[in-house]
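User: Got a model open here and want a quick walk through it. Can we start with the overall makeup and go from there?

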Amino acid sequence: MRNQQRTASSPSIADAYITVEPFCLGRWIGQKYSLSSAPSVRGGSEGGRGAYDRGGCGGDLDCRVAVMLADTKEGETCIEKELFGEPDDPSKQHANINFEKYNNIPVERTGSGFPEPVTTFMNPPLDPVLLENIVFARYISPTPVQKYSVPIVAAGRDLMACAQTGSGKTGGVFLPILSTSFTSGPRPPPHDRQATGYNIRRKAYPTALILVPTRELVSQIHEESRKFAYRSWVRPAVVYGGADINSQIRLIERGCDLLSATPGRLVDLIERGRISLANIQYLVLDEADRMLDMGFEPQIRRIVQEEDMPGVHERQTLMFSATFPRDIQMLAKDFLKDYIFLLVGRVGSTSENITQEVEYVEDNDKRSVLLDILANELKGALTLVFVETKRMADMLSDFLMANSLPATSIHGDRTQREREMALQTFKTGRTPILVATAVAARGLDIPHVTHVINYDLPSDIDDYVHRICRTGRAGNTGVSTAFFNRSNRNIVRDLKELLHEANQEIPAWLETVAHESSGFGGSSHGRGRGGGSRGRGRGNASCDYGSSNFIKYNATKVCPME
DNA sequence: AAAAAAT
């Protein structure tokens, strides 16, 4: 199969051929056609050689039938721009990771016979086409989590990793999965007794499935997978709620080998007989703790255990989670076999990269204080403002806009289109102020956020950590400002402790409030730090991680490794 | 208590 993948070098005009590019009809993928025998393709041909559709540059997905002459540099560049961005496009750019800082990452591994970490993408050898895509995507050197997870996944082992979502970790699973897939080629779907003449053609049989809790996260992961799957036979696809199901169905009909999905929409499509899991070789559960928090457990168990997915011994399963409470341990016990437990943290990253400020602001004063802060923000700075309720997100963004500030908002009551638009205009800097609820707190990788404002503080310190970690990413620096008043007493003890650990200034009044509140019921008191007691592994013979190190490097103290 | 997610 590999010989069907086009390499980066363009052929001469003499052997001009048409290559059907990503997004296109599955059966043509990778096939070469001479100019005269090229199949006609809807929505593209401008006659002669230029059978290339503008869709590749950002048009409607539907008309992204990007057939092109392999030697039209223009066409190739166009797709590459869309996938990988301009070198200076801030919305696609990966922040430059300061790898020097990453030498002292705490890493824990438990399990039998784990492979040694790698230091480059060349080892274990990855498929050459994939290596080119890695270069296109400007991944230079593996992140700490990749150094450990790439060889584990490449060795075919099941993995339970405590680390957060983002480009680094996502790459850590995609790279070895895709490398193996590229090299071994597509796998024919197994005999499916339910497939009838009608749906045998229209049912998708993905070989890899990645389950993700939120819609924004799933589309972010899908974008990553498109980069890595570029110029291979692997068709990445994405399904999630809130978007038109019929257009998603049309897209998965065109190819669906690596599927990123939110659980609800996936179940819907399985019920409709559009997707079969019978061919799954790789299963990835991302942000597993978050999925359980959101009540996805029944749906996840249904997808994994009650549909036609191959059993735990017939597939490779990878789970990611920020924390490792008992319900996640149970899930791991049921879904994984002889797995390796990997914990990659970043000690002190909050103190290194993020300056945390806490200001005492009464509710009535919050608006004017916010205006003051925003007025002093530098040009081009992206500011993320967190609030607790959807209503507040709307009110605050309206208020900011009424004050001529370029703001938008993201929360669960906005339509999916509005949410995506908000994220997009924020990333590109058109609306450099984004007011958000918890939907944006975890996992989302938005480069160049320089300031996170907790307009309303969350009641859970873990949420606070996730929020402020939207800035100061990948070795960059960032500022976080929290508006605190007495209604936030429930978090004061954890907050004080966190600031102390991160070597941040603790205002005197915060000490006072903390003192006042002693006995108020600081949430962490008596059960160990940051839910550490939830993280104790017990009663799992195959993987004993009962050491206190897990607690030490829990997400509470450590900026999530992404 | 709120948020997220299938319609």
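User: How many helices and strands does chain A come to?
Analyst: The secondary structure of chain A comes to 18 helices and 17 strands. Bear in mind that this is a predicted model.

User: What share of chain A counts as buried?
Analyst: 58% of its 562 residues.

User: And the contacts, what percentage join residues at least 24 apart?
Analyst: 75%, taken among contacts in chain A between residues at least 6 apart in sequence.

User: OK, packing. How many residues are in the largest nonpolar core?
Analyst: The largest nonpolar core has 61 residues, and Ile134 and Leu159 have the most contacts inside it. Helix α4 (residues 167-184) gives the most to this core, with 6 residues.

User: Where does that core lie relative to domain 1 and domain 2?
Analyst: Between them, because domain 1 (2-84) and domain 2 (351-516) both give residues to this core.

User: What does Leu159 touch?
Analyst: Setting aside residues up to four places away in sequence, Leu159 touches Ser149, Ile152 and Val153, then Thr317, Leu318, Met319 and Phe320, and also Leu336, Tyr339, Ile340 and Leu342. Another core, of 40 residues, lies apart from the largest one; among its residues are Leu211, Ile252, Leu283 and Ala332.

User: Which part of the DNA is within 4 Å of the protein, sugar or phosphate, or bases?
Analyst: Of the atoms of DNA strand B within 4 Å of the protein, 83% belong to sugar or phosphate, and the rest to bases.

User: What are the distances to phosphate oxygens?
Analyst: A polar backbone atom of Gly412 is 2.3 Å from a phosphate oxygen of DNA strand B. For Gly242, a backbone N or O atom lies 2.9 Å from a phosphate oxygen. With Thr437 an N or O atom in the side chain is involved, at 3.1 Å.

User: Last one, His451. Buried or exposed?
Analyst: His451 is buried, because its relative accessible area is 6% and the cut-off for buried is under 20%. His451 lies in strand β16 (residues 449-454).

User: Which side chain does His451 make a polar contact with?
Analyst: Glu377, at 3.1 Å between the side chains. Beyond its neighbours within four places in sequence, His451 is in contact with residues including Ile373, Leu382, Thr471 and Val479.

Note on methods: Residues are numbered from 1 along each chain as its sequence is written. Chains are lettered from A and ligands numbered from 1 in the order in which they are written. This is a predicted model: local features need pLDDT of at least 70, side-chain atom pairs count only at pLDDT 80 or more; totals for chains, interfaces and linings use all residues. Side-chain values use heavy atoms; hydrogens and water are left out. A nonpolar core is a set of buried Ala, Val, Leu, Ile, Met, Phe, Trp, Tyr and Cys residues joined through side-chain atoms within 4.5 Å. Buried means under 20% relative accessible area, exposed over 50%, partly exposed in between (1.4 Å probe, protein chains only). Helices (H or I, at least four residues) and strands (E, at least two) are DSSP runs, numbered from the N terminus. Domain bounds come from an automatic or database domain assignment. Contact means heavy atoms within 4.5 Å. A residue is near a molecule or strand if one of its heavy atoms lies within 4 Å of it. A polar contact is a pair of N or O atoms within 3.5 Å; within protein, one must be able to donate a hydrogen and the other to accept it, and residues adjacent in sequence count only if both atoms are side-chain atoms.
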